[in-house]
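Please open the model in a viewer and keep the sequence panel at hand.

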Amino acid sequence: MSHSSSSSSFGTPARSGAPGTSGGSASRGASRGTGRGTGRAAKPRFGFGLVGPRRDRHSVPLDQLEALSLPVGDDGMVIGVDAENRPAVLGINRPVPYDVTLIGGLWTAQVLALRAAATGARVAVETGRAQAWTALAQAAGGGQPCIALHDVGRVPPQGASAGSPVVVVRDCGMRPPRGRVVSAPWQSVVTLLPYLSPVAPRLLEKSSLVGVQRVSPDEAAQIGRIMSLPRHEYEALSTLADGVTLWCTPSDRQFVMTQGTDAETGLLGAARRMD
């Protein structure tokens, strides 16, 4: 999803010694030592490792740069496919506070949690039904504690950072209390509502991204008013198939079909709206 998939990443370029610096001297010294049959190994350069192979540089004239293209798309986690069967991507790890509200089923929320963990995020689940999340938390991460479960109102500070982003999933029923842990830089919050509730309008209005799965016609009309949806889109909300979500931002909307991988289906079962 182009409207919600851009996320920032920070990298530090690797430093390497230029030709003619001390790296070249180290290489020549190692060669002389080997030639005398001393058997000494090449001495590592502090902070740089062993001297690697040297190859000719490749360059492209400036007027030919436009001919180059790379298949680089949006970054984030794939949450499904759009109407044209193209991957829909959500950048969940962001350097700014990011709130997501999903009016939908537990299955979709759990798939999102698994895929967020696969991007390297730590996932904290605040839930009143821990038994529904236990198998997922135990299976995720190959034994590494990447998904932690907490009682409602008991999520401790997470210490999110660019190197250790956090996604907090709030599965707290129809009337989730105000969370102790809120969205912050590199800490997104996903709130799951099974249906439209009295607190839903407040959550929808403050969310950066809203997902809506199948709801009743009355709920669809109310969501349409809150989100300023065209009539044909909010009327479709009462007919959506299992696994289909309408994702909305203030500037864009997109229907997405989420299909479980073999591993997700084995753990969570088939896509479903009701639990």
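Select Ser228 to begin: this residue is found in the loop between α5 (217-227) and α6 (231-236). Helices (H or I, at least four residues) and strands (E, at least two) are DSSP runs, numbered from the N terminus. Ser228 has a positive phi of about 55°, although it is not a glycine. Ser228 is exposed, with a relative accessible area of 57%; exposed means over 50% relative accessible area, buried under 20%, and partly exposed in between (1.4 Å probe, protein chains only).

The model is a predicted one, in which local features need pLDDT of at least 70 and side-chain atom pairs count only at pLDDT 80 or more, while totals for chains, interfaces and linings use all residues. Residues are numbered from 1 along each chain as its sequence is written, and side-chain values use heavy atoms, with hydrogens and water left out.

The relative accessible area of Asn85 is 59%, so the residue is exposed.

**The chain as a whole**

Now display the entire chain as a cartoon. Seven helices and ten strands make up its list of elements. Of its 275 residues, 39% count as buried. Contact means heavy atoms within 4.5 Å; among the contacts in the chain with a separation of 6 or more, 65% are between residues 24 or more positions apart.

Two selections illustrate residues separated along the chain. Select Ile79, in strand β1. Ile79 is buried, at a relative accessible area of 1%.

Continue to Gly243, which lies in the loop between α6 and β9 (244-248). Gly243 has 3% relative accessibility and therefore counts as buried. Which residues does Gly243 touch, not counting residues up to four places away in sequence? They are Gln213, Val256, Met257, Thr258 and Ala271. A C-alpha to C-alpha distance drawn from Gly243 to Gly80 gives 9.1 Å, for two residues 163 apart in sequence.

**The cavity**

Select Met77, Leu90, Ile92, Leu112, Ala113, Ala116, Val167, Val169 and Val190, the residues that line the largest cavity. The elements that give two or more residues to this lining are α2 (106-118) and β6 (166-171). With three residues, α2 gives the most. On a 1 Å grid over the protein atoms alone, a cavity is a set of points where a 1.4 Å probe fits but cannot get out, and lining residues have an atom within 4 Å of a point.

A search of the whole structure finds one cavity of 30 Å³ or more. The volume of the largest cavity is about 40 Å³, a volume being the space filled by probe spheres set on the points, which are joined across faces, edges and corners. The lining divides into nine nonpolar residues, no polar and no charged; Ala, Val, Leu, Ile, Met, Phe, Trp, Tyr, Cys and Pro count as nonpolar, Asp, Glu, Lys and Arg as charged, and the others, Gly among them, as polar.

**A charge over a ring**

Finally, show the side chains of Arg94 and Tyr98. Arg94 lies over the face of Tyr98, at 4.0 Å from the ring centre. The criterion is that NZ of Lys or CZ of Arg is within 6 Å of the ring centre and within 35 degrees of the ring normal.

How values were computed
On a 1 Å grid over the protein atoms alone, a cavity is a set of points where a 1.4 Å probe fits but cannot get out, and a pocket is an open set with protein on both sides within 12 Å along at least five of seven lines; lining residues have an atom within 4 Å of a point.
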